[in-house]
Amino acid sequence: MRGDSNRLGALLKQYFGFTTFRPLQEEIICDVLAGKDVFAVLPTGGGKSLCFQLPALARPGLAVVVSPLIALMKDQVDALQAAGVAATFLNSSLAPGDSRPRLCGLHNGEYRLLYVAPERLMLAGFLEDLRRWNVSLFAIDEAHCISEWGHDFRPEYRQLATLRGLFPDIPMMALTATATERVRRDIVGQLHLRSPACYIASFNRPNLTYRISAKTGAYQQVLEFLHARPRESGIIYCQARKTAESLADKLNDDGIRAAPYHAGMETADRTRNQEAFLRDEVRVVCATIAFGMGINKPNVRFVIHYDLPKNIESYYQETGRAGRDGLPSECLLLFSPGDRIKYSRFIDEKPDPKEREIARAQLEQIVHYAECSSCRRAFLLRYFGEEFEVSAFNGTGPAEAGTPNCRACDNCLAPRETWDGTVAAQKFLSCVYRVREQSGFGVGIQHVVEVLSGADTEKIRKWSHTTLSTYGIGQEHDRAEWAAIGRELVRLGYLHQNADKFNIVELTDAGRAVLKSRQKISLTRPVTAPEPAKHRVGDIASDDALFERLRLLRKALADERGVPPYIVFSDVALRQMARFYPQTEAAFSRISGVGEKKLREFGEVFMAEITAHLQSNPRQIFADDSFSEPMLRVYRAAAQNRPPR
C-alpha cells in the first residue's frame, strides 16, 4: 500500500502538479485500481475528475468516461492534453475528418482516456470497437442524469444499464456532485454496480455566502450588485433564453462585458462566448441551465439566480460553480412568490403524471429554501442528508448553542423580523382540519388559501366548502401572504406536505397540539419585500420644460403617421427621457418602451431634441426614493457615454 501511495503521489505531481490529494480522492482511486465498483458523491470543486484520470495513468488500457455535455469533454481533454496526458473525445461536434484520426489512434492504443456521450457509446458498432480497445474502466460522470428523481434526468443515460452485462469484468465508477439518498440508491441500481465502495463527501462549501433577496426590480438589483464588484466575474442564471439574451444586452449597454449562453444559440456562438468567459474577456455570462456543467473556471466570484431554480439540486450545483478555488464567493437568489406560480403552470403542462409529481415536490423544496428563516447552509446540508457541524465551519466566531449559525448566509448574518402569527396559524391549521373532517380527504395549500380568502372556485362549490366555518375568515391577509404562512407552518412541523399525494397538507401531532393548546406561534416576515409603489406619470420627477418639448414632438410625429401619440411613446417614456437626458443609443434604449424599431425610427430625433434643450437649459438633478443612487449614477453615466463611478 505504501508503494502504491508513493506511485500515485508521483503521478499526481507529474501530470497535475499537486503534492497532496483532496479528501477521499486517494481512497477512491485505490479502490478503482483494486478492481472494485465505486460510487462517489463529491461536491463541485471537490476533484471528481482526478478520481478516474489518475487510475487511467496508473495502469494500462483505456478509461472510458461517459459525459453528458460537449463542453465538458472539450474542457477536460484540453486540460489533460496540456498536462501531457493522451486523451481524446468523440462527439457530434467533430467533422468526419476530425473523427477518423482519433478512431485510428484508439485502434492503435494511443490514448489513455476517451470521453464520449452516452448515445454514441451505446451504438452497436461502437460497443464492438470497445471490445478491441482494452477498456480498463468505465467512469459515468454526472451520474445523477440516470435517475428520474435526479435534477437533470436524461433518458439516454438509461441505456447505460446494459453496460454491466456487456462488460462484466471491467470496473465501473459513478460520480456526481449532487444526489439525495433516493437518487443515490437509484444510480447504484440502474448501473448494476456490484457491492460498490461508496464515498459521500461533505456538501458544505464554507467559502460560499448564500443570500436571498426579494425581486423588486431585478435588473436594477443585478446592476448595483455588479457595480459594487467591478473586478469580479460570475454567472447569472436565467429561466428563459430570451431573458438571458436581453439581460446580456442591457449589461453591455451599461458598460459591463456580458455574453449570453443557452441551448438555442448556434454551437459556434455558444463556444465563442464560453471561451471568452473562460479567458476573462467577458466578465459575466447570462445563461440558462445549459451553461456550467464541467466548466472549470476557478475564479467565478459570484453566481446570481435571476429566477427561481427548479429544484435544490440544480441550485446547489449551479451555486457550486462559484469559488472553486476556495476563496470567498457569493451566491444571490432573487426570489418572488410569483416564480412559484409560473413554474406550477409549466409543471401542469407536463403530460407524464409521475414527472409532474416529481417536479411539484422539487418545486416546493426550493420555495421552502427561499422562504426559510433558519440557516440556509444547514437547510442545504440537511436536504442532502448531512447535519451541519458548526465546529467544521471555517467561519468567524462560534454559533449559539443549539442553533445552527454559519455566519455566511443572510439569515445568520441579519435574522429577519418575526411577528405574532398565533391567530393566523390557528386559522390555517383549523381550516386544514375542517376540510378533512367534512370531506374525508386532504387538499393542497392553495385550496386552503382559497377557502380562507372566501374564493368562489369550481372545487369549493363542488365540495361544499363554502359551508365550512373557516370559509372567508382570512380577509386580513391576501392570498400570497396566506400561502407563505402555510408553507412556513410546513417548515415548522405543524403541517406535513405529502409529496406522494399531490402535495396535500395534513396536520401533524405538533399541529394538533397547537390547535388544542392555542400556544403562541412566531412567524417570520417573508423575504419578499412589498413591491415598490407604482408611480403615476406625474409622480416621476423630471424636467417639466423638457417633458413639454418632447410631448409636442411626439404629437407632431404621431400626426404625421396618423396614430395616437401613445403609439409613438408613452408618457412614462417621455418622463424618463426628461429625467435621465439620454443622448446615446445605449442610454436611449434603456428608456421604458424603446425597442429596436423605435430606437431606429425615433431615437435620433428625440435625442436631438434633448441635446437642443440642454444647450439653453441646465441639467436638473432629482431626488426620488423610487430610484437608488447607484441606479441614478448608471443612468447619468450612460447618458454621457461614460462608465459609472
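What we have here is a predicted model, in which local features need a pLDDT of at least 70 and side-chain atom pairs count only at pLDDT 80 or more, while totals for chains, interfaces and linings use all residues. Residues are numbered from 1 along each chain as its sequence is written, and side-chain values use heavy atoms, with hydrogens and water left out.

Let me begin with pLDDT, the predictor's confidence in each residue, from 0 to 100. The protein chain averages 83, and 89% of the residues score at least 70. Helices (H or I, at least four residues) and strands (E, at least two) are DSSP runs, numbered from the N terminus; among these elements, strand β10, residues 258–261, has the highest mean pLDDT, 96, whereas helix α28, residues 629–639, has the lowest, 41. Over residues 528–539 the pLDDT is below 50, and this stretch has 18 contacts (heavy atoms within 4.5 Å) beyond near neighbours in sequence. Residues 624–645 also stay under 50, and for them the model has 47 contacts beyond four places in sequence.

Now to the two residues. Glutamate 142, found in the loop between β5 (135–140) and α8 (163–166), has a positive phi, near 50°, although it is not a glycine. Is this residue buried or exposed? With buried meaning under 20% relative accessible area, exposed over 50% and partly exposed in between (1.4 Å probe, protein chains only), glutamate 142 counts as buried, at 4%.

Arginine 407, in the loop between α16 (376–383) and α17 (410–413), is another non-glycine residue with a positive phi, near 60°, and arginine 407 is partly exposed, with a relative accessible area of 32%.
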